2 protein chains.
Amino acid sequence: MGALARQVSIVGVSMTKFGKHAGKRTKDLACEATWGAIKDAGVRPEDIEAIYCGNAVDGLLSGQEDVRGQVVMREAGLAGKAIINTPNACASASTAVREAWLSIASGLYDVALAVGFEKLYVGDTAKTTRALATCTDVEIEGNMGVFFPGLYAMDAKRYMYETGCTREHFAKVSVKNHKNGCLNPHAQIQHELTVQDVLNSKMIADPITLYMCSPIGDGAAAAILCAEGIAKRYRSDPVRIAAIGMASGGYQDMRIDVEKPSATQMAARQAFELAGIGPEDVDLAEIHSAFSPAELFYFEEIGFCRKGEAWRFIDQGQTEIGGSIPVNASGGLESKGHPVGATGLAMVYEVVTQLRGGAGKRQVEGARVGLVHNGGGLIGGDVAAMCVHILTR
Amino acid sequence: MGALARQVSIVGVSMTKFGKHAGKRTKDLACEATWGAIKDAGVRPEDIEAIYCGNAVDGLLSGQEDVRGQVVMREAGLAGKAIINTPNACASASTAVREAWLSIASGLYDVALAVGFEKLYVGDTAKTTRALATCTDVEIEGNMGVFFPGLYAMDAKRYMYETGCTREHFAKVSVKNHKNGCLNPHAQIQHELTVQDVLNSKMIADPITLYMCSPIGDGAAAAILCAEGIAKRYRSDPVRIAAIGMASGGYQDMRIDVEKPSATQMAARQAFELAGIGPEDVDLAEIHSAFSPAELFYFEEIGFCRKGEAWRFIDQGQTEIGGSIPVNASGGLESKGHPVGATGLAMVYEVVTQLRGGAGKRQVEGARVGLVHNGGGLIGGDVAAMCVHILTR
């Protein structure tokens, strides 16, 4: 891994409200986010040279396989560009950002658009769940009934056994994130919960209860990236992509092989090395909390604390807004929502908004360095794709 | 569009035989091509930093949506890398090459793998055809019965009307390509045809007959790319990627709006500009002849001759091996085959092999500059993705 030929900035971001958009097509959501980012950047559509599109499962849910990016970009009036689809399970949108970043870093392009979109709500939970199960190796997992809630539950059980963490700690993660979500007008679920509410909600896969799970929902998010040297043409407050790390292969390191680094560890190490900073320099993080226990695992794997100690941070309130390292100020995946192909860019939206100082009631004061952790998919017990972005102002 | 920060070479290529591989899974085909390219390059698997995977319709044909690259790369023993999926209809594999190229040009990586794979033969032609029809905007095309043979047939009719070309000329394209395919051990169909054979074969969509169509088949192809500065570590005969152009939007310019440049025209112009050469400098070309008439349209759009004159070139034998500009020395899509997600990389395989002087009986003597034209998909009457690669030695 070497140094980039040139640096890249983000000069525009946008996201739709996450939720159940029964009257809107995937196209409608993607257009809303795309036009929002274009407006936010003040870029002319004709200046955009390449478009990277993240979507995970629209093939099964709407019947639109393969060229989904072209379909939505034509609707947005942006046909004619180089359009690249980057499906990568829950990491589809952060993969889109990563490829856009590299296309500009290479010198080929000056301005690119990354957009992520997903419509999971089709009025049929079983259909949505079956579609999400194809984000695995279907031959050995998806078709065999191996699926995410059960896997995260096994990790959670092991984590409790190893560390002394209790199910109350998992509930506290959800409580924190729902509290933050009430401060985010884009969040799908905007009501506070108590620890008892979370623990008493329907059991999904012990110890994971319903309110520890991200909901089914729809949404889109987008960002305009450009070469750092021209960023000020568009905005006075560009945010730099200091690094993006990416790996496949290892899942949470507790489950299978403690000697093998997890995908999060590999991606985070790459990102910190490239950015030339460490976890201690990060002011806020968006972490892929598809299920509340995962926020704790990933918090450790990124390197914010030693192994087995993340639950103490939630007890001490250190990951709350105002704490030493706020996590999921946006509401996280449990409250903000998780339309999978949009999630990585919604995280980028949150961090960019925070670094600009524009996050309103959920603002993390003085934030200068933010981290996005977005990934998912399951292949032979390993994670399919994990991205860690470091953004700075 | 600007100059690249650094140049990129291809140091390894491989492809499976194209054909009906009833006993093999997509995974098996992808592994064979991957290991072949690794061996051809003499690269150590641990040196590969990122992997770009092209596949178009395996979601519908095998049930493996979304994370197809990770699934096959785990089987190949290459889990743990950054793995990116690049589905883009018939341009999936050339999109994979393009993204691998940019990832190295950016400075981030030194060595990357691009692989394309597709298993179209599932013993059910209707199922395969329905899957391919999702490489359109299904809302306005695929689900409405608008599909590729009919569209190409309309183009062909218009071309005949405009230029004086006859259906015999389309047949001659197929005859040439089948003749070339007999010299290619990887080709799916290896028997010669006469003009009468082609014209008398089953009518698919007038004037397109069965033998003017690419067959249903399976296959995979792969390439190892690296920074030009280290290419000689691996091989003494690296091939440079001089440029890749990419565009969506315009289809053949005759159909809808003669004032609008086609995707091929846009992608070719970008590629020639970046490479600093013109069509007259190209020694051989692989052109996306999914249907024989298209070879003529695209030949003109790339700029090899003036509009409306390509059929004269086929009459004069100029596109044969030994002619002034050999086209589809590999056998083209009609004879070599067209497992869609593998096709772009099979074209790269052919051009690299030719530039190395290793194409045996189908060798284009003294070839120094080769062009790959690969694209497809249909969005609102426009092409979804078109790539033009220029490779040089």
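**Exercise 1.** Determine how helix α4 and helix α13 of chain A pack against each other.

*Solution.* Step 1: helix α4 (residues 92-105) of chain A packs against helix α13 (residues 340-355) of chain A at an angle of about 60°, and their axes are 5 Å apart. Axes are lines fitted to C-alpha atoms, for helices over the stretch in contact, with angles from 0 to 180 degrees between N-to-C directions. Helices (H or I, at least four residues) and strands (E, at least two) are DSSP runs numbered from the N terminus.

Step 2: α4(A) and α13(A) are therefore oblique to each other; angles under 35 degrees count as roughly parallel, over 145 as roughly antiparallel, 65 to 115 as roughly perpendicular and the rest as oblique.

Step 3: the contact (heavy atoms within 4.5 Å) involves A:S92, A:A93, A:S94 and A:V97 of α4(A), together with A:G341, A:A342, A:G344, A:L345 and A:V348 of α13(A).

The model is predicted: local features need pLDDT of at least 70, side-chain atom pairs count only at pLDDT 80 or more, and totals for chains, interfaces and linings use all residues. Residues are numbered from 1 along each chain as its sequence is written, chains are lettered from A and ligands numbered from 1 in the order in which they are written, and side-chain values use heavy atoms, without hydrogens and water.

**Exercise 2.** Describe the packing of α9 and α10 of chain A.

*Solution.* Step 1: the axes of α9 (residues 263-275) and α10 (residues 292-302) of chain A come within 8 Å and cross at roughly 45°. Step 2: this angle makes α9(A) oblique to α10(A). Step 3: the residues in contact are A:T264, A:Q265, A:A268 and A:F272 of α9(A) and A:Y298, A:E301 and A:I302 of α10(A).

**Exercise 3.** Characterise the interface of chain A and chain B.

*Solution.* Step 1: each side is counted, giving 62 residues from chain A and 62 residues from chain B. Step 2: the two chains bury about 4600 Å² between them, 50% of it on carbon and sulfur atoms; buried area is the accessible area (1.4 Å probe) that two parts lose on being put together, summed over both. Step 3: A:E65, A:D66 and A:L108 supply 14% of the area that chain A buries against chain B, more than any other three residues.

**Exercise 4.** Locate salt bridges between and within chains.

*Solution.* Step 1: a salt bridge is a side-chain nitrogen of Lys or Arg within 4 Å of a carboxyl oxygen of Asp or Glu. Step 2: chain A and chain B share 8 salt bridges. A:E139 and B:R25 meet in a salt bridge through their side chains (2.7 Å, N to O). Step 3: within chain A, the side chains of A:D40 and A:R235 form a salt bridge (2.9 Å, N to O). A:D40 lies in helix α1 (residues 26-41) and A:R235 in the loop between β7 (218-227) and β8 (239-247) of chain A, so the pair ties together parts 195 residues apart in sequence.
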